[in-house]
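The structure is shown first.

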Amino acid sequence: MNRRSIVITGGAGFIGSHVVRLFVNKYPDYHIINLDKLTYAGNLTNLKDIENKPNYTFVKADICDFEMMLKIFKQYHVDGVIHLAAESHVDRSIRDPFTFARTNVLGTLSFLQAARLTWEYLPEGYEGKRFYHISTDEVYGALGLTYPEGKLSDISAHEVYGDEFFKETTKYNPHSPYSASKASSDHFVHAFHDTYGVPTIVTHCSNNYGPYQFPEKLIPLIIKNILEGKKLPVYGDGSNVRDWLYVKDHNKAVDMVINNGRLGEVYNIGGFNEEKNINIVKLTIDTIAKIMKEEPEYRRVLKTDVTKISYDLISYVQDRLGHDARYAIDPEKIVTELGWYPETPFDKGIEQTIRWYLDNQEWVEKVLNK
Ligand code: NAD
């Protein structure tokens with residue numbers, strides 16, 4: 001792709017900051033513009049290592065501010081977009097659905113309209129342009145759990161908890177206000193492609209994990225509570241299954257899709273890595289207990305006694321409203337068409353993630369107290 005000026009929205013968030021770092025370092029000839037409102041979930045400390053690079057610009061802006069979006073498209077001669085900005089936490093969407101409709105639906109619409117109005121009046125039109133929208137597997141709704149027991153999977157084993165998977169052709173069936181807002185934004189993206197010819201691509205990714213994830217999502221929240229000796233809340237009986245993908249493997253897919261993905265297409269991205277929430281919690285406890293035993297210098301980050309790190313911390317709480325039983329992706333299309341494959345086995349990825357949080361407690365304090 002010979003793009004020169006790429007806007008990454010939500011670049012100060014979890015996945016966005018990894019995408020920004022990858023593109024700034026890998027494409028020194030591109031101008032990478034990180035457009036972010038800096039909500040509670042957006043933190044520029046995520047990008048300290050690249051903030052002074054000459055091909056990087058940060059713009060604080062709200063995607064709902066249409067006039068501002070138009071200005072940014074014109075000022076930076078934007079020819080590529082990777083749109084990640086969103087409200088992303090399901091529990092928050094249950095408490096406050098309006099904020100999700102505003103940012104995820106109206107914000108995406110405002111950003112799309114700015115792209116369209118800028119691009120369609122250029123002499124070259126949409127030639128060489130890309131509008132890449134990052135969506136979620138949650139828009140497809142829930143799959144059944146037909147295999148009750150399963151072991152922690154690795155990529156070669158690919159244990160599964162059911163015989164159905166989300167494909168690109170699966171019908172939308174969102175259940176939470178979060179997934180409903182993401183589904184609605186997807187429909188606008190497809191409508192802009194079909195109605196105006198905007199060159200769009202959409203991907204649906206499964207649950208990401210890795211460094212810089214805000215400590216309200218399952219894995220970083222569990223790590224934080226273990227280090228503080230607090231209870232580990234597990235919804236229902238912990239049997240809900242998610243398909244976990246290391247964030248850097250997602251980034252690799254994003255890079256392939258914006259460069260080689262076919263316009264107007266949809267690609268599903270999954271980790272070949274289904275696991276029950278309760279097993280994720282147990283694995284996190286086991287990994288931290290092992291690190292504390294074998295590398296006692298890490299005990300400096302504990303705010304509790306090391307002997308408290310056990311399954312006794314697990315506390316089953318009332319199930320999330322409308323909690324989907326199982327998400328599982330069939331990523332065959334992106335594997336066969338673009339040659340993508342997740343490289344990070346789950347046991348390695350989770351240990352790397354836990355070590356990152358142990359080494360970056362200052363970051364945790366900072367983002368929680370900003
Ligand atoms: P995040 O909550 O960590 O980050 C979201 C970012 O968007 C933040 O930096 C925030 O400041 C910014 N933002 C929010 N509202 C904005 C607005 N109105 N204008 C400009 N910026 C705004 O989210 P994440 O987990 O990194 O997810 C990024 C994207 O990937 C989202 O679109 C999400 O739906 C999608 N996704 C996430 C996952 C996952 O497991 N985290 C899986 C699949 C898809």
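Predicted model: local features only at pLDDT ≥ 70, side-chain atom pairs only at ≥ 80, totals over all residues.

Residues are numbered from 1 along each chain as its sequence is written, and side-chain values use heavy atoms, with hydrogens and water left out.

**Overall fold**

- The protein chain holds 11 helices and 12 strands; helices (H or I, at least four residues) and strands (E, at least two) are DSSP runs, numbered from the N terminus.
- The radius of gyration of the protein chain is 20 Å, close to the 21 Å that the globule rule gives for 370 residues, so the chain is as compact as a globular protein of that length. The radius is taken over C-alpha atoms, and the globule rule is 2.2 Å times the number of residues to the power 0.38.
- The C-alpha trace spans about 70 × 45 × 40 Å along its principal axes.
- Of the 370 residues, 57% are buried; buried means under 20% relative accessible area, exposed over 50%, and partly exposed in between (1.4 Å probe, protein chains only).
- Among contacts with a separation of 6 or more, 83% join residues 24 or more positions apart, where contact means heavy atoms within 4.5 Å.

**Surface and charge**

- The protein chain has an accessible surface of about 15,600 Å², and 52% of this belongs to carbon and sulfur atoms. Accessible areas come from the Shrake-Rupley method with a 1.4 Å probe; for residues, only the protein chains shown count as cover.
- The mean positions of the 43 positive and 50 negative charges lie 4 Å apart. Lys and Arg count as positive and Asp and Glu as negative, whereas His and the chain ends are not counted; each charge is placed at NZ of Lys, CZ of Arg, CG of Asp or CD of Glu.

**Helix α5**

- Helix α5 (residues 177-196) has 20 residues, which at 1.5 Å a residue should span 28 Å; its end C-alpha atoms are 28 Å apart, in agreement. The expected span is 1.5 Å times one less than the number of residues.
- The buried residues of α5 include Tyr 178, Lys 182, Asp 186, Val 189 and Phe 192.
- The buried residues of α5 pack against the helices α3 (90-95) and α4 (97-119) and the strands β5 (130-136) and β6 (200-205).
- Gly 197 follows α5 and has a positive phi, near 80 degrees.

**Residues of helix α1**

- His 18 is found in helix α1 (residues 14-26) and counts as buried at 4% relative accessibility. Beyond its neighbours within four places in sequence, His 18 contacts Pro 211, Tyr 212, Val 247, Lys 248 and Asn 251.
- Asn 25 also lies in α1 but is partly exposed, with a relative accessible area of 40%. Residues up to four places away in sequence aside, Asn 25 touches Ile 50 and Lys 53.
- Asn 25 and Trp 244 are 219 residues apart in sequence, and their C-alpha atoms are 26 Å apart in space.

**Buried loop residues**

- Asn 46, in the loop between β2 (31-36) and β3 (56-60), is buried at 1% relative accessibility. Leaving aside neighbours within four places in sequence, its contacts are Ala 12, Gly 13, Ser 17, Arg 21, Tyr 212 and Trp 363.
- Gly 238 occupies the loop between β8 (232-235) and β9 (241-246) and is buried, with a relative accessible area of 0%. Not counting residues up to four places away in sequence, Gly 238 touches Lys 276, Asn 277, Ile 278 and Tyr 316.
- The C-alpha atoms of Gly 238 and Val 281 are separated by 9.0 Å, with the two residues 43 residues apart along the chain.

- Most residues other than glycine have a negative phi.
- His 77, which is not a glycine, has a positive phi of about 50 degrees. His 77 lies in the loop between α2 (66-75) and β4 (80-83) and is exposed, with a relative accessible area of 63%.
- Tyr 212 has a positive phi near 70 degrees. Tyr 212 is placed in the loop between β7 (207-209) and α6 (218-228) and counts as buried at 15% relative accessibility.
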